[in-house]
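Reader: I've got a protein model to look at and I'd like to learn how to read it. Could you walk me through it, one feature at a time?

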Amino acid sequence: MRTNDLSPRSQQRANDSHTSFTFNSISIYRIFILTLALAMLAVGVSAQEVYRKPPKEVLDVLNAPITPTAGTPVAPTAGISPARDIMLLAEGVRYPPISDVSQPMLRLAGLRINPATNGLHRAPYYIKLSLKRIDDGSERVIELPANARISFPQWSPDGKRFAFTNTLPNGIELWIGDAATGKARRVEGVRINAAFGDAVQWMPGSKSLIVQLVPANRTMPNSSTTPTGPNVQESSGRPAPVRTYQDLLKTPYDESLFDYYATSQLAFVDAETGKVTTFAQPALYSSVEPAPDGEHLLVARVKHPYSYLLPAFAFPREVTVIDRTGKVIYKLADLPLADAVPIDGVPMGPRSYDWRPDRPATLVWVEALDEGDPKRKVSHRDRVLMLRAPFTNQPAELMRIEHRFNGMQFVEKGGLMFVRDYERDRRWVRTFLINADKPIDAPRVVWSMNAQDRYNDPGTPVTRLLPNGHRAILQNGNYIYLNGAGASPGGDRPFLDRFNLETLKPERLFRSEATSYETVVALLNNEGTRLLTRREALTEAPNYHIKTLHLTGGIQQGVSFISGSVWQVKSTTPLTNFPDPTPQLRGIKKQLVQYKRADGVECSFTLYLPPDYKEGTRLPTVVWAYPLEFNDAATAGQVSGSTQRFTSIAGPSHLFFLLQGYAVLDNATMPVVGNNPETVNNTYIDQIVMSAGAAIDKAVEMGVADRERVGVGGHSYGAFMTANLLAHSDLFRAGIARSGAYNRTLTPFGFQSERRTLWEAPELYAKMSPFTYANKINEPVLLIHGEADDNTGTFPLQSERMYQAVKGMGGTVRLVMLPAEAHGYAARESIEHTLYEMLSWFDRYVKNAKPRAATEQRAGK
């Protein structure tokens, strides 16, 4: 049965539309429309503006030199040679011009493809590259082609060469560099197909690479503006819940374009001679993984039929083992379209498939035992399987897992592996240690903890690149190493532990000092006594250092732990000397502030004060936040981040308000606490209002905030929070909501951590949607959104409709749509204009706001 979702007022208007008008009523109606149009012109303005710039103080920081990096955000150690003797330093482009960001883009099956290059649209790139020797600090600049746009280099397993791509206006080249000479050369006749992302990797032995090429002599599909018929979708009545994905296929022509751009030709490239040897038939290879023996490859091929509701990762695919000629040796799986996967569930069949890094050609993968449905009551949800070459026997079951599989890593020796599972109702994660060569041995529980418990996080195992090109956990005797954030009530203090695989006990080797923030980037020897670190402090720009450790207070016997002994730093040698790019920011003051909200839950924010702040002055204040859900108050109250980090401001950051005389309550925690994840959001509104009020009260109590001049802002789910706070409280004078979703009926199969569907909890969806309460948003709100937002759920339509709702109900609202921008903003012009809008909005409605009437409600509406 179809239900009507119109409001009573809208329903009345709908009913009125069927009424027969008389001449007089038509005239009155026309006058009403004309009057309404004139009124709209008086209160609402729509126009395309030119890009504007923020104040000079902001531009000076935006234009500051960029510091080279030894890794990427995803792989921060990628620049360290496997031989641990050289560090690659790359300099990127912080803000590409809008001409880059607005290049042609095909939005196909969840991918964004630049048709001119046959690579990903808006792929990050670097413009300078150098080699720095770790032993003596000497540095050699690598000569790159003119107007270079290179990927971050990949080291060969032996550390003697590195490879990278260079994007031209009409394609993507392959380059290979020599670590000894620092010379790089282009491989002739190679055009990389990077439609699926990474398309270049080293083969075991470091003699060659396997690449995905643009096929020769391919034929562009014909396009026609004349339809041949309607585009039709049909469902057979089988439940198929789906998230609100973006960039999906829409027509048969889209399917043809996807086939054209995503199909690649596999090839080997000789690293010495540059000889290219193609093999296997062209196909849509979503993944290609060489076995450690270099003779087998595990490939996944996407195939028809496609979906218009799901991205490519859910399309049917065939997973096979092939040899170096492309011959199929073993079929692991023939996976159907994953259109019936339950929300928060997993597909049936093999998944998380990969090679064992410590064996020549042994597959490991995971399969569901609960039909992929998290709501099914079963004794075990998953199992881990293994199969050795020549793949003629039945797979061996290594382990049955009680809860959902959450990851696995192999130690480099002895068949040992860590396997994690995750219990979603408790948000609980367990890590087991098993021996893949002796599966009959009972798994040992290594860690069992709340997944959100930062204070007790043991850290992440340190890995290394093996000669066969695969990564495994670095092992030294019975020890591995754990690199952790070191969260504590006083803030993060990163650490390195040595962990005994027999006793399962850790031993602290290094911990960052309380007055700085120092992370371990890499171990420079297997013993863990020589480290490469990255250190920064309040007035100290981030730089790389070499630290030597030694054992004191006891006698070391090999690598064995001696009771009573303590590891200490013996020496520290600077490796880089990057200068402070923004000395004008050193006067900024910051401190960690902790407090309790009304229900006793611990909260915190980092208080930032302007460089010229005078003690006792009350300032206009910005609260910037992002709400998170927790099962208990203890983990909700844990502190994250560090006040000892070097202050840097980049992108459309709210911290730029500091340069205009504001105080900023950064990362003001907005915990939503409930012991039942199914219903935790039932009190979402009450809890965020309570948290926001507590943050303001604390800042006012400290004498830094002016209660009459506080604004709130957030990005994505933080924007959703912002709109809700404006709708359900009078705590703030204005708000900034960037790239948010405001009408939850448009995300009907769940959002964030909400598990229930719209039809299971219609009242909740309405209550949590600030769109529903647009008539109550009587504070000015600035909405900003990228016109090409690619994030699940945050369609640009969300901000457009929210603007219309607030405007229609007489609110003060401004909508800024950024051309060509995705969920995060990239172009220099977009960044500058966003900051201009943010600063102008709060200057007008927060900094220079007049005091409210004493009788005006403060806590809620």
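Reader: Let's start with Arg755: with which residue does Arg755 form a salt bridge?

Author: First the general idea: side chains of opposite charge can pair when their charged atoms come close. The rule used here asks for a side-chain nitrogen of Lys or Arg within 4 Å of a carboxyl oxygen of Asp or Glu. Arg755 meets that rule with Asp425, with 2.8 Å between the closest N and O atoms. Arg755 sits in the loop between β43 (734-738) and α9 (762-768), while Asp425 is in the loop between β23 (416-423) and β24, so the pair ties together parts that are 330 residues apart in sequence. Those element names come from DSSP runs, numbered from the N terminus: helices are H or I with at least four residues, strands are E with at least two.

Reader: Are those two residues buried or exposed?

Author: Here's the scale: buried is under 20% relative accessible area, exposed is over 50%, and partly exposed is in between (1.4 Å probe, protein chains only). Arg755 counts as buried at 9%, and Asp425 is partly exposed at 41%. Salt bridges with shared partners also join Arg243, Asp344, Arg424, Asp425, Glu678 and Arg755 into one network.

Reader: Before we go on, what kind of model is this?

Author: It's a predicted model, where local features need pLDDT of at least 70 and side-chain atom pairs count only at pLDDT 80 or more, while totals for chains, interfaces and linings use all residues. Residues are numbered from 1 along each chain as its sequence is written, and side-chain values use heavy atoms, with hydrogens and water left out.

Reader: Okay. How many salt bridges does the rule give?

Author: The count comes to 58. One of them joins the side chains of Glu402 and Arg430, at 3.2 Å from N to O. Glu402 lies in the loop between β21 (396-401) and β22 (404-410), and Arg430 is in strand β24 (residues 428-435), 28 residues apart. Arg430 is buried, at 17%, whereas Glu402 is partly exposed, at 39%. Arg430 also has a salt bridge with Asp421, at 2.7 Å from N to O, and Asp421 is buried with a relative accessible area of 0%.

Reader: Now strands. In what sense do β16 and β17 pair?

Author: Two strands pair if DSSP finds at least two bridges between them. Strand β16 (residues 317-323) and strand β17 (residues 328-335) have six bridges and run in the antiparallel sense. To see one, find Val321 and look across to its bridge partner in β17, Tyr330. The two strands form a hairpin with four residues between them, and Gly326 in the turn has a positive phi of about 100°.

Reader: In what order do the strands of the open sheet come?

Author: Four strands make it up, ordered β7-β8-β9-β10, with antiparallel pairing. At the edges are β7 (154-155) and β10 (184-186), each pairing on one side only. Strands β8 (residues 161-168) and β9 (residues 171-178) share eight bridges, and Leu168 stands opposite Gly171 in β9.
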